[in-house]
Amino acid sequence: MDALSRDEAYMQRALDLAAEGLGRVEPNPMVGAVVVQGERVVGEGYHARFGGPHAEVVALDQAADGARGGELFVTLEPCCHHGKTPPCTDAVLAAGIRRVVAAIVDPFPEMAGRGLAILEEAGVEVRVGVFEEPARRLNAAYLKRQTTGLPLVIAKWAMTLDGRLATSSGDSRWISSQASRRRVHELRRVSDAVLVGSGTALVDEPSLTVRHVEPYPERGQPTRVILDTHLVLDPMREPARSAGRVPVIVYTSEAALAGDGDAAEALRRTGCEIVTVPPAPAGLSLPAVLADLGKREMSRVLVEGGSRILGSFFAGGLVDRVMVFVSPRILGSADALGPVAGPYGRELIQALEVADLAVETVGPDRMIEGRVSEF
């Protein structure tokens, strides 16, 4: 086994470990670590919960004296600052590690290469960039929020084989199978917010909660986000009705708030938080909405529609990932709704390319996932 393939093999194990923290560590990054002595793994660990011990410390504690003179493979540069836990660089040096292999540099302002530099200055051999792309994809939400201040945006919809999101009356229950709905709830479980427009809220009265699987205790239910340009959300129906138990943020305009203070007060009485953002030609400023969610340290926002909301996010270049469930049924209706209602007059050359495409069978449906941004 040559040096490159050896490093990749241990880094792959570290990446697999890191993924175990999905949905439990945010807004922190997912990190996995492997301690190797010769050709033997003597310690493994991952960041398991927000505020808990870091992956490197868990792996080094497991390795104990076996770490001295060994190598550390870690998916993200070891931290060198005091946060909720002491610096990992101190633990690495105290353990006597001779070589550190990191997948990526941490863009966090107090890091940005300083952790690796401290190790090098102390005489530790350092290599960075092994499986960099997989590591970036794994921590896309963390990297995007650190570099842009915005959460990762995942657009999700279910449609028939002929590309229909709902009937002409708006009925969409249930296009996808129970197995697909369970998969969506698994995604909700690791998302900070689930976002829809007021039209979807009025027609479907969705709960937007995690139900088909158990929420993670560390996270609980995602925040429900409603874009309500004209403040028409009904306080007596879901999701507003349960806002006292599961958070609801209603984004609206200053004009709507000034024009109907009673509607806003009725929503507030249910527990909804009302936030104003600037208007936009198609409703509300989506960048302003995402910026506010980013300030709240939200890492992943799941946009569940309807077609106008999805179209606005795509038209604004604000979507990072897509998750599409295709049901093996044909509606065959000319006036049924399509999934993405964007601006008129777009040319094929303006179509978004979907990268890293993956297709999976989920019950009778096909799930298509892909990436439409650098993240």
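Start by selecting helix α2 (residues 55-63) and helix α3 (residues 88-95), whose axes come within 9 Å and cross at roughly 20°. Axes here are lines fitted to C-alpha atoms over the stretch in contact, with angles from 0 to 180 degrees between N-to-C directions, and helices are DSSP runs of H or I with at least four residues, strands runs of E with at least two. The two helices are therefore roughly parallel (angles under 35 degrees).

This is a predicted model, in which local features need pLDDT of at least 70 and side-chain atom pairs count only at pLDDT 80 or more, while totals for chains, interfaces and linings use all residues. Residues are numbered from 1 along each chain, and side-chain values use heavy atoms, leaving out hydrogens and water.

Now show the side chains between the helices: E56, V57 and L60 of α2 meet C88, A91, V92 and A95 of α3 (contact: heavy atoms within 4.5 Å).

Next, pick R98 and E71, joined by a salt bridge at 3.8 Å, N to O (a side-chain nitrogen of Lys or Arg within 4 Å of a carboxyl oxygen of Asp or Glu). R98 sits in the loop between α3 and β4, E71 in strand β3, 27 residues apart. R98 is partly exposed at 42% relative accessible area, whereas E71 is buried at 3% (buried is under 20%, exposed over 50%, partly exposed in between, with a 1.4 Å probe and protein chains only).

Finish at K144 and D320, a salt bridge with its closest N and O atoms 2.6 Å apart. K144 lies in helix α6 and D320 in the loop between α12 and β14, so the pair ties together parts 176 residues apart in sequence.

Conventions:
Parallel < 35°, antiparallel > 145°, perpendicular 65-115°, else oblique.
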